[in-house]
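Me: I have a structure open and would like to go through it piece by piece. Can you help me read it?

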Amino acid sequence: MNKKTIVVKFGTSTLTQGSPKLNSPHMMEIVRQIAQLHNDGFRIVIVTSGAIAAGRHYLNHPQLPPTIASKQLLAAVGQSQLIQAWEKLFAIYDIHIGQLLLTRADIEDRERFLNARDTLHALLDNHIIPVINENDAVATVEIKVGDNDNLSALVAILVQAEQLYLLTDQQGLFDSDPRKNPEAKLIPVVEQITDHIRSIAGGSGTNLGTGGMMTKIIAADVATRSGIETIIAPGNRPNVIANLAYEQNIGTKFIAHQSDRLESRKQWLFAAPSAGIITVDEGAQNAILEQNKSLLPAGIVNVEGRFSRGEVVKIRTQSGKDIALGMPRYNSDALQLIKGRKSVDIENVLGYEYGAVAMHRDDMIIL
């Protein structure tokens, strides 16, 4: 029986159980559950944190300056320790794993996105469990943000998963900070991620990891908009992964927007960060939102940022509301020259043209 694809993200606090090193007995329990699901026909993808913690322990907790280079050193040493730990445990169940180290750049670039997607599908089709981490030894922005939560959402888009589990040291999302308010109540279901939901997401609860509840909310927003149900759940709860896979209600479930499920190309487009902003007039706004039309140069009133043609930018109204993401046919310098102009003037102004529209409707996602 062909069963669903699930991405499971483990934070450092889950893998260490609050200790300064990877907790082998707890990882063994995690692997037992995943092996059960794997043998039951589920397609499981692991996104794992913990390389820096593993590296720090392997080097006997050295005193290093608080720099990015120090963290990258620990990640470079610890990544091999982390993957070996996973490999040895899965070998007990005769299950093979395949390691992928990704950065945001691998998701931003269209060709690299497709290559990563093809690799992941090849692993899954051959009953190999992908184990993914950020390439912290070379990444800079990623390592400062600690964004394995968002990486897991992008991975879920890559493999067209049905579900994403964000396992953490919290029970889920509460209506206030449970560490400060003993009366805080768990929110079992979130239909829509609103400003209120974002406002109640607190900071990181541990100094071992670098992510917090807010990064999980952002990840859930990205995933659910792409039709992927997302659940924030306690990583130390017995049998939590297997129970979630078989539809038990645990933690906080974020409902997927199935009606908005985006095709592969636009899922990639949505996942990529924006490189700039194009502000449009009311006529262009109506054409995009009401008439499902492309953006013409005549409707552009302002261009912010430096970007190449094909990079993802935001489309914003004059009142400051972001209404779409898209890939322009022209770079920022060209758009500055042709903004407000008629399409027939493009070649005269630039000396070349890539078509009559500044951004085609097929290269656009309405927010």
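Reply: Let us start with Leu-325, which lies in strand β12 (residues 322-326). Strands (E, at least two residues) and helices (H or I, at least four) are DSSP runs, numbered from the N terminus. This is a predicted model, where local features need pLDDT of at least 70, side-chain atom pairs count only at pLDDT 80 or more, and totals for chains, interfaces and linings use all residues. Residues are numbered from 1 along each chain as its sequence is written, and side-chain values use heavy atoms, with hydrogens and water left out.

Me: Is Leu-325 buried or exposed?

Reply: Leu-325 is buried, with a relative accessible area of 8%. Buried means under 20% relative accessible area, exposed means over 50%, and partly exposed is in between (1.4 Å probe, protein chains only).

Me: How far apart are the C-alpha atoms of Leu-325 and Leu-367?

Reply: They are separated by 7.2 Å, although Leu-325 and Leu-367 are 42 residues apart along the chain.

Me: Which strands make up the open sheet?

Reply: There are 5 strands, in the order β10-β9-β11-β12-β13, with mixed pairing. Two strands pair if DSSP finds at least two bridges between them. β10 (300-304) and β13 (364-366) are the edge strands; each has a single partner strand, so one side of each has no neighbour in the sheet.

Me: And how do β9 and β10 run, parallel or antiparallel?

Reply: Antiparallel, with 4 bridges joining β9 (residues 277-280) to β10. Val-280 stands opposite Ile-300 in β10.

Me: Change of topic. How many salt bridges are there?

Reply: The count comes to 13 salt bridges. A salt bridge is a side-chain nitrogen of Lys or Arg within 4 Å of a carboxyl oxygen of Asp or Glu.

Me: Which residue forms a salt bridge with Asp-333?

Reply: Arg-306 does, and the closest N and O atoms are 3.1 Å apart. This pair links distant parts of the chain: Arg-306 is in the loop between β10 and β11 (313-317), while Asp-333 is in helix α14 (residues 332-338), 27 residues apart. Arg-306 counts as exposed at 65% relative accessibility, and Asp-333 is partly exposed, with a relative accessible area of 40%.

Me: What about Lys-314, what does it pair with?

Reply: Lys-314 forms a salt bridge with Asp-322, with the closest N and O atoms 3.8 Å apart. Lys-314 is partly exposed, at a relative accessible area of 27%. Asp-322 is also partly exposed, at 24%.

Me: Which residues are joined into one network?

Reply: Salt bridges that share partners join Asp-195, Arg-198, Asp-221 and Arg-225.

Me: Now helix α8. How many of its residues are buried?

Reply: In α8 (residues 148-158), 11 of its 11 residues are buried. Among them are Asn-148, Asp-149 and Leu-158. Just after α8, Gln-160 takes a positive phi of about 55°.

Me: Last one. Where does Gln-79 lie, and what does its side chain contact?

Reply: Gln-79 lies in helix α4 and is buried, with a relative accessible area of 10%. Its side chain makes a polar contact with the side chain of Gln-99 (3.0 Å), and another of 2.8 Å joins the side chains of Gln-79 and Asn-133. A polar contact is a pair of N or O atoms within 3.5 Å; within protein, one must be able to donate a hydrogen and the other to accept it, and residues adjacent in sequence count only if both atoms are side-chain atoms.
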